[in-house]
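Q: Could you take a close look at one buried spot in this chain and tell me what surrounds it?

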Amino acid sequence: MHASQASRASFKTHVRVHKNVLENEHWFGDSGPKLGRQFTVAKAKERKTELLKILWQAAKSARNHGNLKFATSLEILGDKLDACSAGTRCGSLACEECRPAFQRAKFSGQARLLATLKVDYPHKQVVMATIIPRRFIYRIDELDALDVAAANRWVKDVLTRAGFRRVMLGSFDLSWEDGFYQGHWHIPMLTSDLEELKRRLKAIWPVSDIVKRPVVVSCTYSNGYLPYKDKAIKIPELLRQNRRGLPNLLLALDRTEPLELMVIFRLRLSAQHGELHFKPIP
Ligand SMILES: [Zn+2]
């Protein structure tokens, strides 16, 4: 398939899968896969109210300072998140209800894929590589430049050029590092030689003054890391540590398509009856 045809086909799949997740309230309730104590329906509603308050206040202050464009963007996002409810889901990555719904749907589909892979490759182990290149650093006022799709294309190209051909199910993640946001990846994959894998990844991303541990490969013993890697950002922590950055961050998240966070290798994504399916490409 031609590259542009392939990207059109993948866009269409994303649109279909996106719709499929939003139409299934199963992913929005406490009966779906568990994401931890902070991610119950009740806690999400509390956070949503808090975030809306922050957005309205920031909009008001921006308007008072004559920053009308920023104020309007914040108001539009606030209205969108406020209107999100069963039957009319907003689908935004900035939404406390929709973001975890995508996280649950991915978790469920990926857990099924891993169960199959463990049977197909009994002598390999599943590890999670955390990759922190130095170039994806954003101060609060630089979040306009966040382009997750482009960052994912970059990491995929780098790994492909380094000869990685295996099935991988990674996700882009943002962390707040006391002054800036650091973009990085968590990429589960199979290996039969852990030390060789570490050596290959460390050769691509060597230690620097800025990033002391650019590559961390951890063994996995359960599927507990799966929802964690698809979280996108830790909003509960940011509400305690960096409320100031939240308006810009929420705008940046809203511009990012929830399925676009994923960086998958040799896998075909589809949706059926609201379930995500990841099928290895031979
Ligand atoms: Zn929503």
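A: Leucine 77 is buried, because 24 other C-beta atoms lie within 10 Å of its own; the cut-offs are 20 or more for buried, 12 or fewer for exposed, and partly exposed in between, with C-beta atoms placed from the backbone. This is a predicted model, where local features need pLDDT of at least 70, side-chain atom pairs count only at pLDDT 80 or more, and totals for chains, interfaces and linings use all residues. Numbering starts from 1 along each chain as its sequence is written.

Leucine 77 sits in helix 3, residues 68-83 (helices are DSSP runs of H or I, at least four residues, and strands are E runs of at least two, numbered from the N terminus). Skip its neighbours within four places in sequence, and leucine 77 is in contact with Leu55, Ala94, Leu250, Leu251 and Asp254; contact means C-beta atoms, placed from the backbone, within 7 Å. Serine 92 is 15 residues away along the chain from leucine 77, with 9.3 Å between their C-alpha atoms.

One of those partners, Leu250, leads on to the largest nonpolar core: of its 59 residues, Ile131, Leu250 and Leu253 touch the most other members. Such a core is a set of buried Ala, Val, Leu, Ile, Met, Phe, Trp, Tyr and Cys residues joined through C-beta atoms within 7 Å. Helix 9, residues 246-254, gives the most to this core, with 6 residues. Leucine 253 touches Leu93, Ala94, Ala232 and Ile233, leaving out residues up to four places away in sequence.

Zooming out, the chain has 9 helices and 8 strands, and buried residues make up 33% of its 282 residues.

Notes
Two residues are in contact if their C-beta atoms, placed from the backbone, lie within 7 Å.
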